[in-house]
Amino acid sequence: MVEPYRAFSSRIIPLPAENVDTDQIVPARYLKVTDKEGLAEALFRDWRFEEDGSLKVPPFVLDRPEMQGRQILLVGDNFGTGSSREHAPWALAAWGIRAIVSTSYADIFRNNALKNGVLPIVVDATTHRRLFELVEHDPDAELRVDLAEQGVLLPDGTTIGFDVDPFAKMMLLAGTDELGYLLGKLPRIEAWEAAHPPRIDTRAATPAGG
Amino acid sequence: MTAHEPRTIVEKIWADHVVAEDEGAPAVLAIDLHLIHEVTSPQAFTGLRRRGLTVRRPGQTVATADHSIPTTPRSLPMLDAQAAAQISQLERNCADFGIPLHGIGSPSQGIVHVIGPQLGLTQPGMTIVCGDSHTSTHGAFGALAFGIGTSEVEMVLATQTLLQRKPRTYEVRVDGRLAPGVSSKDIILALIARIGVGGGTGHVFEYRGEAIRALTMEQRMTICNMSIEGGARAGLISPDDTTFEYIHGRPHAPSGAAWDAAVARWRQLPTDDGATFDRSITIDASALEPMVTYGTNPGMGIPITSRVPAPDELSDPAARRALERALEYMDLRPGQPILGQKVDVVFIGSCTNGRISDLRLAAEALRGRRVADGVRLMVTPGSDEVKREAEREGIADVFKAAGADWRESGCSMCIAMNGDQLQPGQYAISTSNRNFEGRQGKGGRTFLASPLTAAATAINGVVTDPRTLPGIENLAAVGGR
């Protein structure tokens, strides 16, 4: 269960890499867990640490002292490409990331992020460049993310609007989840099932000639 | 839309499965088959228990253990305590909730995307989901099949439905015929090289055209499998007689009168003439060469006789930066040929290319030959049944005689979470689906290619064009053309 998603302000963690895949976000060897806890240490593990477990020199962006506590990740195109592992947004959320800004996301990652209080904000290429320029010019620039208003407020007072699936927005703002909504549809599901008998039974092979 | 308007297969399957659709909300989509495995399901079952829910349709759910299991002999204990705990949790979850499990030691164990089709559970017109992005594999049968996250696994367990927005459609037309030595893996690698790893985002690919029709089911599965590498959650092929023939007689296939009724229904599925797609691309199969990747995503692929691209040829700064980084990781020089590049490991297996016809092809290339000195060839069958069949046909002996390491089935070095992995700096040519940094082991470097290219490379120890293998015309026919 996630908290209702409220507006917040944060400085930015810039990560100007394209096609960042979920194997980088959480390497596969961290997928042997049976709960969702403790994944912050797995986040970008192999970009952050040397073989012997020491931090890379210079440190990966997440480990720079001034980046601690920042909640907005600014990344390149097609973030979250690759596997369906929800461990990726679990790890981002555990680190404290609440919004990502990019020009595009991989479909499964975007769905998973939305279910875990990590807002994948899409901006156009011009705005995207402008944000990277902003953070280059002023590394401590602060943004205010307001999901209800679908806007990102910049330090200069301008607001960047963004689109979001209205249903996902409603779920995030209410801090509720899709399973609750689906359970409310059970009468409809039962009616549909009554009219559409299952085509297979995984528990029993088809009798020969049956 | 009227009933007479031409529709794509995606639109037909979609319309058949919409349970409800509220204003402003995604559709509630019924799921026919839910596949689960040890890695992406534990938290979903925890969620069910926390809410006091049961699995709504255990008879439409099926489980296997594949991702984190060892591929060493099954008589040996599992050394990784964390993986062992994950497996035992899967066993308990399946027992508690009445889900059939094709687990370790079962003759029907295997990679989830290999056993679904093998058992005849994967059928045309179905909606199929799994907490695994390569669920797109099942699209080869004309099913709408896609990967989901663990929250969605929980939703499907609880309700046998999912909330979904209708996807857009993307026609991938592959005209002409493949030359000997060029395979379905090369078609999909060529597509991804053209459109990029985000090219299909928001879409479902439908593969069509003469070259696709000529493919066997296992070759079609290879293509659909890697739809996700092109950014599409799903990719499918309208079913035809090849599809029906493959399904007929399998354990969960309909039989008798039910079979005839099913085929009659399945024949209504193919995309109608005149149906329109949101996007479209055409590929000439006859112009394709074997493909190989040189970089750190599956879109960084080239025809095998080409040279590694140079960053300074690129005008887009982001693309240039990405290429520089990839070449640095791979330790390759801009403009160098990829042919002749040394490899340390050859991996044949995975849900992309771990089926019996893949192994037949690779074995035929290796028959009477030896793996090059200093190269490790690892062959991991996609399922226990594939392994038994390969042993029955003598294929396993061919691999062993060539010096290969013949393993038990599992995901193995495709995802490298079970101890089967590259050492830092090693190069592998791999029939799997992802060449991301560290994918096959931290610091490891992957060239993706077809089973034939992998086998030819194993013989020479360097990246080799399979078309140079003696008797390639006859050899290619082994895989079914």
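Ser412(B) is placed in the loop between E17 and E18 of chain B; helices (H or I, at least four residues) and strands (E, at least two) are DSSP runs numbered from the N terminus. The model is predicted: local features require pLDDT of at least 70, side-chain atom pairs count only at pLDDT 80 or more, and totals for chains, interfaces and linings use all residues. Residues are numbered from 1 along each chain as its sequence is written, and chains are lettered from A and ligands numbered from 1 in the order in which they are written.

Ser412(B) is not a glycine, yet its phi is positive, about 55 degrees. It counts as buried because it has 31 C-beta neighbours inside 10 Å. The cut-off for buried is 20 or more other C-beta atoms within 10 Å of the residue's own, for exposed 12 or fewer, with partly exposed in between; C-beta atoms are placed from the backbone. Asp331(B), also not a glycine, has a positive phi of about 50 degrees. Its loop runs between helix H11 (317-330) and E15 of chain B. Asp331(B) has 9 C-beta neighbours inside 10 Å and therefore counts as exposed.

In chain B, 5 strands form an open, parallel sheet in the order E17-E16-E15-E18-E19. Strands E17 (405-406) and E19 (445-448) are the edges, each pairing on one side only. Pairing requires at least two DSSP bridges between two strands. E15 (residues 345-348) and E16 (residues 376-379) of chain B run parallel and are joined by 4 bridges. Within this pair, Phe347(B) stands opposite Met378(B).

Chain A also contains parallel pairs. Strand E1 (residues 8-15) is joined to E2(A) by 4 bridges, with Pro14(A) opposite Leu74(A). E2(A) is joined to strand E3 (residues 99-102) by 3 bridges; here Leu73(A) has Ile100(A) as its bridge partner. Side chains in a regular strand alternate between the two faces of the sheet. Both faces of E2(A) (residues 72-75) are covered: Ile72(A) and Leu74(A) are buried on one side, Leu73(A) and Val75(A) on the other. The loop between helix H2 (45-48) and E2 of chain A holds Pro58(A). The peptide bond from Val57(A) to Pro58(A) is cis, with omega near -10 degrees.

Between the chains, 53 residues of chain A are in contact with 70 residues of chain B; contact requires C-beta atoms, placed from the backbone, to lie within 7 Å. Helices of chain A that each supply at least two residues to this side include H4 (107-114) and H6 (166-174).

Conventions. Contact = placed C-beta atoms within 7 Å.
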